[in-house]
Amino acid sequence: MKVLLFNPFSKYSEKTLVPVGIVFTILGSYLAYYFQARFDGVLDLHFAPKVQIWQPLADNGINILCLTLFLVILAKYVNAKTRLIDILTAATVARIPLYFLPFANYNNYMLTMTEKLMASIRPGEIPNISLTVISVLLLFALFTILFLIVYLILLYRVFKVAANAKGTKSIVLFALCIILAEICSKFLIYTFNAL
């Protein structure tokens, strides 16, 4: 189970993992639509009052593309023999844990909690936030952080093996790539939505 959760790439080939990643991307995109969520960045999930059916799939496609692009550039810099398919597989499969987060918005629960929090914040006043709202949002934040950690561990493990990356420098460059992919994905998603 530990291998499946934290390092499926050591047990399964890309021929198995790519179709799994595609199926979960489509399923995760549908769940995001159903529970009114947007993956509007490589590291982001937001709930919205209205989500079009195509938006989460477009979000995920852009996120995977940006991740793959930046990680391939870095991987080729570290090791010219790195295969694109390995990085694409990592960018697709590593996102699977994030696709479970939209369930938290069952019956618009998280969106309602967020709206209550925002409504209680007024300039010049001390916010009057209920303990329930704070507790729910903190619990969701903790789960989100946990799922992000699993996502980044999966992504880095495959990158490390695919590029034969070693040392602190590779970790720093990997983190920089994730930040650049986040910025790029946000820009592309918001540009795409503005069309």
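Let me start with one residue. Leucine 155 touches Leu67, Leu71, Ala90, Ala91, Ala94, Phe174 and Ile178, leaving out residues up to four places away in sequence. Contact here means heavy atoms within 4.5 Å.

Before going on, a word on the model. This is a predicted model, in which local features need pLDDT of at least 70 and side-chain atom pairs count only at pLDDT 80 or more, while totals for chains, interfaces and linings use all residues. Residues are numbered from 1 along each chain as its sequence is written, and side-chain values use heavy atoms, with hydrogens and water left out.

Now the core. Leu155 is among the residues with the most contacts inside the largest nonpolar core, together with Leu67, Leu71, Tyr151 and Phe159; this core has 45 residues. A nonpolar core is a set of buried Ala, Val, Leu, Ile, Met, Phe, Trp, Tyr and Cys residues joined through side-chain atoms within 4.5 Å. Buried means under 20% relative accessible area, exposed over 50%, and partly exposed in between, with a 1.4 Å probe and protein chains only. Which helices each supply at least two residues of this core? They are helix 3 (54-78), helix 4 (84-93), helix 5 (109-119), helix 6 (131-163) and helix 7 (167-194). Helix 6 gives the most, with 14 residues. Helices (H or I, at least four residues) and strands (E, at least two) are DSSP runs, numbered from the N terminus. In soluble globular proteins, nonpolar side chains tend to be buried together.

Next, helix 4. Why is helix 4 described as largely enclosed by the rest of the structure? Because seven of its 10 residues are buried. They are Asp86, Ile87, Thr89, Ala90, Ala91, Thr92 and Val93. The buried residues of helix 4 pack against helix 2 (14-34), helix 3 and helix 6.

Take the pairing with helix 6. The axes of helix 4 and helix 6 come within 9 Å and cross at roughly 175 degrees. Helix 4 is therefore roughly antiparallel to helix 6. Axes are lines fitted to C-alpha atoms, for helices over the stretch in contact, and angles run from 0 to 180 degrees between N-to-C directions. Angles under 35 degrees count as roughly parallel, over 145 as roughly antiparallel, 65 to 115 as roughly perpendicular and the rest as oblique. Helix 4 makes this contact through Asp86, Ile87, Ala90 and Ala91, and helix 6 through Leu155, Val158, Phe159 and Ala162.

Threonine 92 sits in helix 4 and is buried, at 8% relative accessibility.

Threonine 68 belongs to helix 3 and is buried at 9% relative accessibility. A polar atom of its side chain lies 2.8 Å from the backbone oxygen of isoleucine 64.

Serine 170 is in helix 7 and is buried at 6% relative accessibility. What joins the side chains of serine 170 and tyrosine 156? A polar contact of 3.1 Å. A polar contact is a pair of N or O atoms within 3.5 Å; within protein, one must be able to donate a hydrogen and the other to accept it, and residues adjacent in sequence count only if both atoms are side-chain atoms.
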